[in-house]
Amino acid sequence: MLKHLFKLIWNKRKQNFLFLSEILVSFLVIFAVFSFLTFYYQNYTKPLGFDYERVWTINYDNGRLTKNNDSLQTFYSNLRNSLKAMPQIEEVTYASANFPYSNSTMSTAVKKNGKRFDRVNFYTADENYDKVWNVKLLSGRWFKPEDAVGKNKSIVINETLKTAMFGNGSAIGQLIGDYEDKAKMKVIGVVQDVKTSGDYWPAGNAVFNRLDTGYLKDIRNVLIKVSTDADATFESNLYKFMTNNFKNSTIEIGHLSEMRDSKNEVTVIPMIIFMIIAAFLVINVALGLFGVLWYNINQRKGEIGLRRAIGASGNNVSSQLILEALVLATLSLVVGCFFAVQFPLLSVFDVPSSVYVIAMLLAVAFIYLLVFACALYPGKQASGIHPAIALHEE
Amino acid sequence: MLKNYFKIAIAVLKRRRFFTFISLFGISFTLTILMVGTAFLDKVISPDYPDYKRARSLYVTTMELKNSKEGWLNRSDVSFYFLDHYVSTLKNVEMMAISSNARTSNAYVNNQKIVIEYKYTNADYWKVLEYAFSEGKPYTQQQIDNAEQVAVISEQTKKEYFGDAPTVVGKYISADNINYRVIGVVGNVAKTLLSFAGDLYLPYTIAKDDYNKPGLMGGFNAVLLAKSKADVPKLKKEFDQMMKKVPLPDKEFDEVYCHADYFFTSMTRRIAGDGKNTGMSVVVGLLSIFVFLFLLLPTINLVNINITRILERSSEIGVRKAFGASSKTLVYQFIVENLILTFLGGVIGLCLSVLVIYWYNDIEPIENVYLKLNFTVLFYSFIACLFFGLLSGVYPAWRMSKLNVVKALKAQ
């Protein structure tokens, strides 16, 4: 049966060439769409790793603050105390500018036994960071004031980096080298991955570094966790309080839930546009395939009539036509998969290969379904051809 | 002759309604997406409110310091000091508009939070850029020298802060707990114009941080206006010459790059370029590959359908050939027919794009970016139509002209 179909297709190779290229190009488009969707979906299903609700950020310029470390320390600890004294504020933390959903990133490399781990997100956080964000500790502990003393700097790493470095072993108490492998840092805790760049992006490797007094001059934001009764009136009072504390500075209060929305929009809106365009292309192709198949069957009335006359049933005829279309699609898909498989093989774009494999399977299934749906009606029509009429026309 | 072709084309279109529908659907939707795409590009690239003098302007936006041995890179906006100290000495600069990048702050009115993006500018900023003042006027050099706390606000801020007040000039707006006296109101600027969009414009002398710190990197950018269009290349050259003399600020770095670019180049440099490359070829190349791939699928589809349609008309072609029509005439006829079909699709596509653009402007996904179909867009769409018609017509026509007379007639 299949051999016979191949012969039929080969006889009409010129006519089929366009059909084949059309399926090939649509496969590649669908593959691209599914790759994006699989990637986003895989990341979306992973836990967020922290709570953003009721977290506010207060940004300010630090240019006019004193450069003296001791007075800065007093200033910030006073600020923390007065903020915490407000009934609507539950927790206060100082952190580097790359807190979750901010548009800032800082990355570094770390070394373990000479092996280099690149693109490690580098967060600087103080002792209260985990309480504001409700970061989940998997093992070990978060920073404590006593970490200030000690030979090696204390750090907390995330699950992804821990798995990459230590596999299933324990990371607590291990030493990690910085990007030059000179200074050693001691791991005191492992936290669950924190998806800082939105719901659709992976957390990546991350190192949390303890905020020490030397970093105070670089702080530009306070993060606070507010209680449920913090409203706009409270916000404007807080704003006034901050402008009084930071004379000659610009203050901006942001809500993390809003920042999350805008961060997600950056991913979702282009994806929606891409999907609309792809959907339009698919409808276009589907109509085209349908038209061409329909026409081909009308052209082959004689052949079909003859088959019916020598005893083939209507179902036989329609299944032959559908199978023929599916074999044609297979030919294109083989070529398409050859191109698609290069992505995981050459590991383009630093995306796990499972994404490409799933996207490829989905795209293949989609194309088969599309071709099947387009061939169904013409095939049914063909099965209705009456042999006497068809042969009479000849 | 053309009239006959037209009649035949219409008759053929009417005969196979389903195929006509498929063709028109494909053409019109492809053109709609192309037209909306070009409208968007046109919005971003061509001179737009308030930056109408792009032909005479060069844009200084980025300063890049590099350590070529280690590969370190430091990139930011340029400093006020750099613009004031070096760029303003250039002979070919007629005027220079300086503005800081937009910074965000809040204001609270009636327990409502307003997010305000504010910019510091110089006095020439208002002369180089043609903001439309609905009331009041910009601040003068003297007001800047006196460091007066005055502000020009956008229509949007006026509405959010003052509500429906008819005039607001002379009133005070409080941002960062400082009261600025409003002296002018300007029309909103599209958010895509990063260097010009803002809600509150202030004299640079009242900036809170020390604006005139020595150094090359800072938070400012500039538009250099040449005396005439012909002077722009001279200005560009002069700027590059000047850059060679700018001393390196730091021993850590051994190369410094800053360019006065044409508007489009300044954009491509920001997207894909660096100090050495403009990024133009990358952006244009990627864009054309995308458009090509996007057009490929509908075109193959159309060719497919067109071939099917002509094979259906083989008897007609056979008869015409038998009566002595040359292949050339037939190819010509078929291409004309196809162009008619494409233009029909184009007209439908135009109507659809008007609808899409209307809908887009209604929901306004990017603040203050309104699209419109103008003549440039129409012209490009026309080219796209023509290209599409020819591309999908030529191959089927060539196939048709090869049709053997005897076979074509026998098929009936």
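UniProt positions follow the numbering used here, feature names are shortened, and annotations may be inferred rather than shown by experiment.

## Model and numbering

This is a predicted model, in which local features need pLDDT of at least 70 and side-chain atom pairs count only at pLDDT 80 or more, while totals for chains, interfaces and linings use all residues. Residues are numbered from 1 along each chain as its sequence is written, and chains are lettered from A and ligands numbered from 1 in the order in which they are written.

## Annotated regions of chain A

An unreviewed UniProt entry lists residues 20–41, 268–297, 321–343 and 355–377 of chain A as "transmembrane region". Helices (H or I, at least four residues) and strands (E, at least two) are DSSP runs, numbered from the N terminus. Residues 321–343 of chain A are 96% helix and 0% strand, with end C-alpha atoms 34 Å apart. For residues 355–377 of chain A the values are 100% helix and 0% strand, and the end C-alpha atoms are 34 Å apart.

B:Asp77 belongs to strand E2 (residues 72–77) of chain B.

B:Gly219 is 142 residues from B:Asp77 in sequence, yet their C-alpha atoms are 5.1 Å apart in space. Neighbours within four places in sequence aside, B:Asp77 is in contact (C-beta atoms, placed from the backbone, within 7 Å) with residues including B:Thr61, B:Asn101, B:Gly219 and B:Phe220.

Notes
Two residues are in contact if their C-beta atoms, placed from the backbone, lie within 7 Å.
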